[in-house]
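Dear colleague,

Please find below the structure that I am handing over to you.

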Amino acid sequence: MRVGVSLSTFAAAPGTINVVDRAVELGAQAEGFGLDAVWFGQMASYDAVAVASAVGRAVPRIMVGPSVVPVFPRHPQMLASAAKTAQAATGGRFHLGVGLGGGDMEAAYGLPYPPRIRYLREYLTALRPLLAGRAEVYEGETVVSRPFADTAVAGAEPEIPVIVAAMGPQALKATGALADGALPFLAGPRTIAGHIVPALTEAAAAAGRPAPRVVAAIAAVVTDDVAHARAAAVERMAFYEGVPSYRRVLDLEGARRAGEIAVIGDEETVAGEVRRYLDAGATEVTLTQTDLNGEADRVRTWRLAGELARG
């Protein structure tokens with residue numbers, strides 16, 4: 001199985017550590033444990049595509065990518081040029097994770113957000129040829145892209161896979177038809193098997209595309225102090241409970257709190273739960289929130305993840 005880890009708040013505190021140095025350090029550690037991929041969350045303080053590019057340049061084997069870059073308000077041409085630069089820098093090991101974004105994006109940027117599903121479809125339609133180095137014009141209702149020059153980047157091969165943080169029915173349909181896979185978070189095995197995989201595969205088949213990847217993002221901690229880690233998960237993951245897309249998958253899974261979805265326990269327990277996601281139809285997994293219970297348990301979790309990746 002392909003196993004990765006996702007990082008977002010990997011800097012201890014703003015201003016106390018060089019984010020890129022720390023990301024490279026953790027990327028090298030992940031590769032040393034035998035992990036297949038490391039993903040970087042987009043934060044207000046740093047750019048995930050740039051960080052992934054730096055890590056992939058410094059660490060020679062592991063796959064890197066953002067998990068995920070909000071597509072609003074970044075224009076497809078701007079995102080494509082950044083992604084192709086990262087692909088060239090990493091020797092073809094860059095995968096692009098995108099999403100519609102959470103929170104009040106209009107308030108943050110002072111711009112009206114277009115109808116979201118239409119925007120996602122048009123954005124992906126405009127983005128794909130640009131990632132392939134084709135200067136194609138696209139004129140939709142919410143996205144207009146007229147490249148003013150050649151869009152090819154030497155060394156940016158193979159074409160960059162696009163993975164979408166999609167979980168709602170319409171977003172999954174758009175993703176299956178236009179992207180290479182989905183990256184659901186807080187969608188447990190029941191939701192993946194009953195909702196995520198069927199919607200994606202049906203949309204992909206209708207569009208004549210191969211079965212999409214399903215990269216299940218799983219909050220996971222290997223620890224002996226289950227009670228403390230669970231309490232930390234409930235507290236730190238509470239934000240997601242107010243976001244409609246996450247609330248929906250939590251309800252489908254029968255969970256009241258986001259922290260209930262976290263996989264917490266010893267190595268045997270966590271490994272068994274990860275396999276449940278694969279049995280449900282996930283094609284690969286990325287472990288998130290692994291630092292919920294401190295550095296020692298994060299390292300322990302990554303070590304198990306590496307063992308799972310090696311089979």
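A residue is called buried if its relative accessible area is under 20%, exposed if over 50%, and partly exposed in between, with a 1.4 Å probe and protein chains only. By this rule threonine 175, at 0% relative accessibility, counts as buried.

Please note that this is a predicted model, in which local features need pLDDT of at least 70 and side-chain atom pairs count only at pLDDT 80 or more, while totals for chains, interfaces and linings use all residues. Residues are numbered from 1 along each chain as its sequence is written, and side-chain values use heavy atoms, with hydrogens and water left out.

**Overall form**

The protein has eleven helices and twelve strands; these are DSSP runs numbered from the N terminus, with helices (H or I) of at least four residues and strands (E) of at least two. The C-alpha trace spans about 55 × 40 × 40 Å along its principal axes. Of the 311 residues, 52% count as buried.

Threonine 175 belongs to helix H6 (residues 169-178). Setting aside residues up to four places away in sequence, threonine 175 touches Val164, Ala166, Gly181, Ala182 and Leu200, where contact means heavy atoms within 4.5 Å.

Valine 153 is placed in the loop between strand S7 (144-145) and strand S8 (162-164), and at 28% relative accessibility it counts as partly exposed. Its C-alpha is 7.1 Å from that of threonine 85, although the two are 68 residues apart in sequence. With residues up to four places away again left out, valine 153 touches Lys84 and Ala88.

**The nonpolar core**

In soluble globular proteins, nonpolar side chains tend to be buried together. A nonpolar core is here a set of buried Ala, Val, Leu, Ile, Met, Phe, Trp, Tyr and Cys residues joined through side-chain atoms within 4.5 Å. The largest such core has 103 residues, of which Leu186 and Met237 touch the most other members. Strand S10 (residues 213-222) gives the most to this core, with nine residues. Apart from neighbours within four places in sequence, the contacts of methionine 237 include Phe185, Leu186, Ala219 and Leu292.

**Helix H9**

Which residues of helix H9 (residues 244-253) are buried? They are Tyr246, Val249, Leu250 and Glu253. These residues cover an arc of only 105° around the axis, so they lie on the same side of H9; the arc is that of the directions from the helix axis to the C-beta atoms. The buried residues of H9 pack against helix H7 (189-206). Just after H9, glycine 254 takes a positive phi of about 80°.

**Aromatic rings**

The structure holds nine aromatic pairs. Rings of Phe, Tyr and Trp (its six-membered ring) pair if their centres lie within 6.5 Å; planes under 30 degrees apart count as stacked, over 60 as edge-to-face and the rest as tilted. The pair of phenylalanine 72 and tyrosine 109 is edge-to-face because the ring centres are 6.3 Å apart and the planes stand at 80°. Phenylalanine 72 is buried at 6% relative accessibility, whereas tyrosine 109 is partly exposed at 46%. Phe72, Tyr109, Tyr113, Tyr119 and Tyr123 form one aromatic cluster.

Arginine 116 lies over the face of tyrosine 113, at 4.1 Å from the ring centre. A charge sits over a ring if NZ of Lys or CZ of Arg is within 6 Å of the ring centre and within 35 degrees of the ring normal.

With kind regards
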